[in-house]
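This briefing concerns the contact between two protein chains and the elements that form it. Please consult the sequence and the model shown here alongside the points that follow.

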Amino acid sequence: MLLTRKAEFSASHVCADPSLSAAENEAIYGRNANPNGHGHNYVLEVTVEGDPDATTGMVFDLRELKEILNQEVVDPMDHRFLNREVAPFDRVIPTTENLALEIWKRLEPRIDRPNVRLRNVRLHETADLYVDYGGKQ
Amino acid sequence: MRLTRRYRFSASHRLDTPALTAEENRRLYGKCNNPYGDVPELAAAVPTTENLASAIRRFLATEWPLAAQLHRVRISETDRNMFELETGK
């Protein structure tokens, strides 16, 4: 059974490769390369896979899942400038793809346990754009 | 091709399992364990949304009248969480 929980955070970022010129960055990333940054209201949907425990009837304790999402993602990233305040985005370009990868890395060890695994991380950057990551295929 | 139709319903539930003590139930389920008055002595399963999804899939599987196959049951408890069951899993 799949269980999905949603969380939201707001953060600003710049998408630019420091080894490239301003013109090259603008050619690749467009307005997202503006060095002063811009913000998004990110929506995160985390899907966990497992069978309901025979006694508790739960796949995963929803309160614990909420705490894990808060500790690993919302608390460290909400209202932050990702490039300047949140590792590894001082050296990794915080595209939505890289952000989803980093969120997967943070969550997987906290969620995986016998009979339960992290199945998917969906990160919406805007209402019109989201990324899905389900681990290395 | 898949066709999805959404239905909404409201119901109350209390999470409590006779397999655990009152204190253990409070710790495990927190606010979801608050009593609402009379509690049925024996329930077949704790009405978590997981178990609700399983029950809905079972009901649909036994009464399914369509030629098209039932692929998935998805149930949202709040706008922040949902549970999905695919047929045959």
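**Briefing on chains A and B**

Helix α2 of chain B, which spans residues 49–63, contains Ser54(B). The model is a predicted one. Ser54(B) has a relative accessibility of 18% and is therefore classed as buried, the cut-off being under 20%. Leaving aside residues up to four places away in sequence, Ser54(B) touches Met1(A) and Leu85(B).

**Strand pairing within chain B**

- Strands β1 (residues 72–78) and β2 (residues 81–86) of chain B run antiparallel and are joined by six bridges.

**Strand pairing between the chains**

- Four bridges pair β2(B) with β1(A) in the antiparallel sense.
- Arg5(A) has Asn81(B), in β2(B), opposite it.

- Contacts involve 18 residues of chain A and 21 residues of chain B.
- About 1,600 Å² is buried between chain A and chain B, with 52% of this area on carbon and sulfur atoms.
- One salt bridge is counted between the two chains; the side chains of Arg80(B) and Glu8(A) meet in a salt bridge at 3.6 Å, N to O.
- Eight residue pairs, both members at pLDDT 80 or more, are in polar contact between chain A and chain B.

**The side of chain A that touches chain B**

- The elements giving two or more residues to this side are β1 (2–13) and α2 (62–77) of chain A.
- β1(A) supplies the largest share, seven residues.
- By class, this side comprises nine nonpolar, four polar and five charged residues.

Key: Residues are numbered from 1 along each chain as its sequence is written. Chains are lettered from A and ligands numbered from 1 in the order in which they are written. This is a predicted model: local features need pLDDT of at least 70, side-chain atom pairs count only at pLDDT 80 or more; totals for chains, interfaces and linings use all residues. Side-chain values use heavy atoms; hydrogens and water are left out. Two strands pair if DSSP finds at least two bridges between them. Buried means under 20% relative accessible area, exposed over 50%, partly exposed in between (1.4 Å probe, protein chains only). Contact means heavy atoms within 4.5 Å. Buried area is the accessible area (1.4 Å probe) that two parts lose on being put together, summed over both. A salt bridge is a side-chain nitrogen of Lys or Arg within 4 Å of a carboxyl oxygen of Asp or Glu. A polar contact is a pair of N or O atoms within 3.5 Å; within protein, one must be able to donate a hydrogen and the other to accept it, and residues adjacent in sequence count only if both atoms are side-chain atoms. Ala, Val, Leu, Ile, Met, Phe, Trp, Tyr, Cys and Pro count as nonpolar, Asp, Glu, Lys and Arg as charged, and the others, Gly among them, as polar.
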